[in-house]
Amino acid sequence: MDIWHVRGGNRLFGSCRVQGSKNATLPILAASLVLPARSRLRNVPQLKDVAAAKEILTHLGCRLEDETDGVLLVDSTAPCGAEVPRALMGEMRSSVIFMGALLARCGEAKLSLPGGCQLGKRPIDLHLAALRAMGAEIREEGGDLDCRTDGLHGADITLRFPSVGATENVMLAACAAKGATRIRGAAREPEIVSLQEYLRSLGAHVAGAGSDTITICGVEPRRETDCTLPGDRIVAATLACACAAAGGRILLSGVDPAHFSTVLHFLNEAGCDIIQFNDVVEIASSGALRAPGRIVTEPYPGFPTDAQPLLMAALLRAEGTTLITETIFENRYRQVSELRRLGADIRLSGPEAAVRGVERLRGASLTASDLRGGAAMIVAALGAEGETAVFDAGHIRRGYEHLDDRLCALGADLWIEHK
Ligand code: EPZ
């Protein structure tokens, strides 16, 4: 158990290079299985979830080598196993992406239903329906998935919801399918675009990522690739919200501001000064904010659900009332009961949250129950008087690389007690 101690009141100043994207790295690690190749991946973040994905790859027979400065070599040229142990699956949600990768590489996959943040039911029906349409036989029994195919074939897939994971799973399976696959209603997140770039670097003919229609038709395999992963747009949003809550002026680099432009928009509406150029963005805040209007979470390019807890935390003292509607996950307000312990005034009604700004927040003991909710508690604590202790069973480290060091370097009074 980590206990994050935060003494609020310090403003944040300085610059920070944002870590590589967790949600770009995880599908690309699974994709490294699809074709036997040697991949040099740059800007790979050191995270618990990345370590879990690397453990799965090693278990399946890949050879991994960490070089310096976030460079990871993945050699998937050796024969590949097809079973992911339940213990390894349980760590995170994105392990479900190995289903498409293993069906493509081995023609079979044995894994269990994924773990990850408890944000709601998080079914995988869209994944299963799409892979079955491509010729996979999938038996579900007691939380285990037994998948096999006599050969995947291309298909016209329409997703009723632009699921990020389902889009990624189909892209990976389609690389080994006979004939073309078209995904309509595809997710448009930047992580889908970086997955397309990686698959293209391995010789796959993929087009359309970033739009709602993606086509994959065949592969002319290459044996080597060298890819740089994008910056993490949600970590960038976290640091921006931290500055908004604490006050100060910070410069973020290493991430495309366009990838979290909706978050920057609301911070600007709330009274922060935002200046962006190329892959650098400056956020300045007096710490005295105003409610920025209605926030509705949507699939990309809409406001990202992952930033909802973070922006909520930044607006707890904003003048007026902020209305938030969470449309992606049915249980993504788990941070609210903890933020109320700081003195926040948040009223919930189903998917709606009304955050009425309060004069002051006072430090308290909080418990993190998921990755972004835990980070939101840190953001809120930066704007609270006195000391806050966030009890965290490792959620934050699943997605944030050295968040404590980065915030301390910007002036936060923060330390972690390991219990
Ligand atoms: C990805 O999760 C991200 N995780 C999540 O980030 C992010 O919140 C989410 O996309 C939405 O943007 C990774 O990329 C590793 P979805 P994923 O499939 O793929 C429903 C973080 O904090 N759905 O787009 O699991 C589902 O229940 C994490 O970094 C189905 O109904 O998200 C949810 O309501 C949290 N059936 C909605 O779609 C399916 O088969 C979005 O899910 C699949 C999904």
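User: Which side chains meet in a salt bridge with R398, and at what distance?
Analyst: In this predicted model, the side chain of D49 forms a salt bridge with that of R398, at 2.8 Å from N to O.

User: Which parts of the chain are the domains?
Analyst: Domain 1 covers 2-19 + 231-418, and domain 2 covers 22-228. Their centres, taken over C-alpha atoms, are separated by 30 Å.

User: How many salt bridges are there between domain 1 and domain 2?
Analyst: The count is 2. There are also 7 residue pairs in polar contact across the interface, both residues at pLDDT 80 or more.

User: Which helix gives the most to the side of domain 1 that touches domain 2?
Analyst: That is α13, with 3 residues. Both α12 (371-382) and α13 (395-399) supply at least two residues each. By class, this side of domain 1 has 8 nonpolar, 6 polar and 11 charged residues.

User: And how much area do the two domains bury between them?
Analyst: About 2000 Å², 53% of it on carbon and sulfur atoms. In terms of contacts, 25 residues of domain 1 touch 24 residues of domain 2.

User: New topic: helix α1. Why is it described as largely enclosed?
Analyst: Of the 10 residues in α1 (residues 22-31), 9 are buried, so the helix is largely enclosed by the rest of the structure. Among the buried ones are K22, T25 and L29.

User: What happens at the start of α1?
Analyst: A side-chain oxygen of S21 comes to within 3.4 Å of the backbone nitrogen of N23.

User: Last one: where is G271?
Analyst: G271 sits in the loop between α9 (261-269) and β15 (273-277). G271 is partly exposed, at a relative accessible area of 28%.

Note on methods: Residues are numbered from 1 along each chain as its sequence is written. This is a predicted model: local features need pLDDT of at least 70, side-chain atom pairs count only at pLDDT 80 or more; totals for chains, interfaces and linings use all residues. Side-chain values use heavy atoms; hydrogens and water are left out. Buried means under 20% relative accessible area, exposed over 50%, partly exposed in between (1.4 Å probe, protein chains only). Helices (H or I, at least four residues) and strands (E, at least two) are DSSP runs, numbered from the N terminus. A polar contact is a pair of N or O atoms within 3.5 Å; within protein, one must be able to donate a hydrogen and the other to accept it, and residues adjacent in sequence count only if both atoms are side-chain atoms. Domain bounds come from an automatic or database domain assignment. Contact means heavy atoms within 4.5 Å. Buried area is the accessible area (1.4 Å probe) that two parts lose on being put together, summed over both. A salt bridge is a side-chain nitrogen of Lys or Arg within 4 Å of a carboxyl oxygen of Asp or Glu. Ala, Val, Leu, Ile, Met, Phe, Trp, Tyr, Cys and Pro count as nonpolar, Asp, Glu, Lys and Arg as charged, and the others, Gly among them, as polar.
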